[in-house]
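Have the structure open as you read.

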Amino acid sequence: MNVTAGTYESSDCLIRLSPSTTRKVIVESIVFDQFGDAIQRVLNDTLDQYGVSAVQVECFDKGALDYTVRARLITALKRGGYIE
Amino acid sequence: MPPVFCHSLEELFQHIDIHKHKHLSFHHHLRNGDFVMNTVLRHYRDEQVEGLHLHPSSIFPSYTMLLELLERGQIASVTTNYLNGPVAQWISEHGLPGELKMQTHGGRARSIIDGRDRIDVAYLAAPAVDAMGNAVGYLGQHRCGSLGYAVADSQHAGITVLVTDTVLSDPITDPEIQGVDVDYVVIVDAIGDPDGIVSGTTSITTHPIGVRIASLTVAALDAIGAIREGFSFQSGAGGVSLRVTDELSKIMRQRHITASFFSGGITGHHVAMLEAGLVDRLYDVQCFDLAAVDSLARNDRHIPISASRYANPADPDQVIADLDVVILGATEVDLDFNVNVTTDSHGVLIGGSGGHSDTASESQVTVIVSPLMRGRLPLIKDRVTTITTKGEHVDLIVTERGIAVHPERVDLKAKLEQTTLPVMTIETLQAIAHSYTGKPVDPPLGERIIGVVEDRTYEILDNIHQKK
């Protein structure tokens, strides 16, 4: 089952989680050149922190700041039952 | 001798050999409502004229025939002051067989007058023309107001063609374009679409960040003593600029201060201040809305001016030589106060100087107003992607989180530091932005240089790179 959190609006991002046996993190961003690595890092660090390794994370970003990306991911993980 | 009147472009091309003349100019006063450029260029497409060098004063998204000619490889070079939309995107991605040259409004007029830029045929949309070929922009079926950007073309082109849908039976007594300069008048059904002619961006911002920037700007202007009897002022038609103008008007009313003139692009907000006696004259190179067009037609103190008189440094009557304060925007600024309004942070063409560098160069005080961050992109770069206006011409940068003063303006800095305004170094301002966004990784520019930014002095300010 896919779960989402966030919106594809300016300064926000939409996170979509789908089942996977390994961790996959995919980032699309209007500021990919400037911040693609930074977004990837926030997503991975957050997954590490919550010990989630088997999930596919897609992030469709429209210029969200780090704390927004992180909050959207945590919400999606909770909605999907990946974490409490 | 009066010009030759033609009743179609087909008839015109019986007089002019379409294949012989490659340097063509147009003005952009009809903006996205312009029919003239597309209609004229359709003939060049159909006749498969190659090696064109176009000199439109600006390029708007609706100028789709230009895109078609680019795709067919018929255009060698483009010289303009501003471009956005699909043409800008295409040139960023593909470049040109020749060169893209980005000029300023004053620099374009100067260059045409000096003969550095040769115009073979100027195709000029003219809202109202009389039997002698005299023309104004504030009368007719499709009025645009001032024709300021077309005047140098009309005087210096090899062949000057007016395209109109309104021929007046009464003579025009004080024309912007003189009939003696006109060779042909082509009568068409419509030169434009009224909905696209007015820019529609002329409302005062209510966005909290814009409001904050505007009130800091006005407070800073007050602190440096700029709001005084007889001061002169220019602001664009952007929402923040208009809010600055609006807040200024309140202070001027309270203190009974009258400004000497406003210059540049004129809106209904400027007109209201003229009519309220808050400003003595409007020098109008471009009308942004119908209120401005109507005012130009009826008010003697609302004066249409040519781009040369507006901003050509070699023009003895240059209006902005007397400018005290200008408010300008920025896509990016850098630690040396250079400003970019030509490309975005991805290196794609999104605009151009227009009068940015002109007014910044001349004005006693140049204020850049901008949000400190747009989305995740911080305003202040170590080095701007493209230099549109040199940092030496910029005095204040006002953002919602702080004001940076150019280090050489110790006079302004001393006055601002006597207030409670958030004055800080540009490095501090940049660090504040980075504390939210992180430091962006600048995408490498494409290796191929596709064009240049040329200042009004003819100095090449920067190269424009192909988008990778």
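## How the spaces are defined

On a 1 Å grid over the protein atoms alone, a pocket is an open set of points with protein on both sides within 12 Å along at least five of seven lines, while a cavity is a set of points where a 1.4 Å probe fits but cannot get out; lining residues have an atom within 4 Å of a point. Grid points are joined across faces, edges and corners, and a volume is the space filled by probe spheres set on the points.

This is a predicted model, so local features need pLDDT of at least 70 and side-chain atom pairs count only at pLDDT 80 or more, whereas totals for chains, interfaces and linings use all residues. Residues are numbered from 1 along each chain as its sequence is written, chains are lettered from A and ligands numbered from 1 in the order in which they are written, and side-chain values use heavy atoms, with hydrogens and water left out.

The largest pocket has a volume of about 1,300 Å³. Of its 49 lining residues, B:Y82, B:G236, B:A237, B:G238 and B:G329 lie nearest the centre. Elements of chain B that give two or more residues to this lining include α8 (208-223), β11 (233-235), α9 (239-255) and β15 (325-328); helices (H or I, at least four residues) and strands (E, at least two) are DSSP runs, numbered from the N terminus. By class, the lining has 18 nonpolar, 29 polar and two charged residues, where Ala, Val, Leu, Ile, Met, Phe, Trp, Tyr, Cys and Pro count as nonpolar, Asp, Glu, Lys and Arg as charged, and the others, Gly among them, as polar. At least three lining residues come from each of domain 1 (4-197) and domain 2 (208-443) of chain B, with bounds from an automatic or database domain assignment.

The second largest pocket, of about 510 Å³, is lined by 26 residues, with B:D174, B:P175, B:E176, B:P304 and B:I305 nearest its centre. Its lining divides into 13 nonpolar, seven polar and six charged residues. Here, too, domain 1 (4-197) and domain 2 (208-443) of chain B each contribute at least three residues.

## Enclosed cavities

Two cavities of 30 Å³ or more are present. The largest, at about 60 Å³, has B:S57, B:N81, B:H105, B:R108 and B:D153 among its lining residues. Both α5 (105-114) and α6 (151-156) of chain B supply at least two residues of that lining, which divides into six nonpolar, four polar and two charged residues.

The second largest cavity has a volume of about 40 Å³. Its lining includes B:T343, B:T385, B:N463 and B:H465, and by class has two nonpolar, six polar and no charged residues.

## Two buried residues

B:H142 sits in the loop between β8 (135-136) and α6 of chain B. This histidine counts as buried because its relative accessibility is 10% (buried means under 20% relative accessible area, exposed over 50%, partly exposed in between, with a 1.4 Å probe and protein chains only). Its side chain makes a polar contact with the side chain of B:D165 at 2.6 Å and reaches the backbone oxygen of B:G192 at 3.1 Å. A polar contact is a pair of N or O atoms within 3.5 Å; within protein, one must be able to donate a hydrogen and the other to accept it, and residues adjacent in sequence count only if both atoms are side-chain atoms.

B:I368 belongs to strand β18 (residues 365-369) of chain B and is buried, at 0% relative accessibility. Beyond neighbours within four places in sequence, its contacts (heavy atoms within 4.5 Å) include B:L328, B:G329, B:V339 and B:V398. The C-alpha atoms of B:I368 and B:V339 are 8.6 Å apart, with the two residues separated by 29 residues along the chain.
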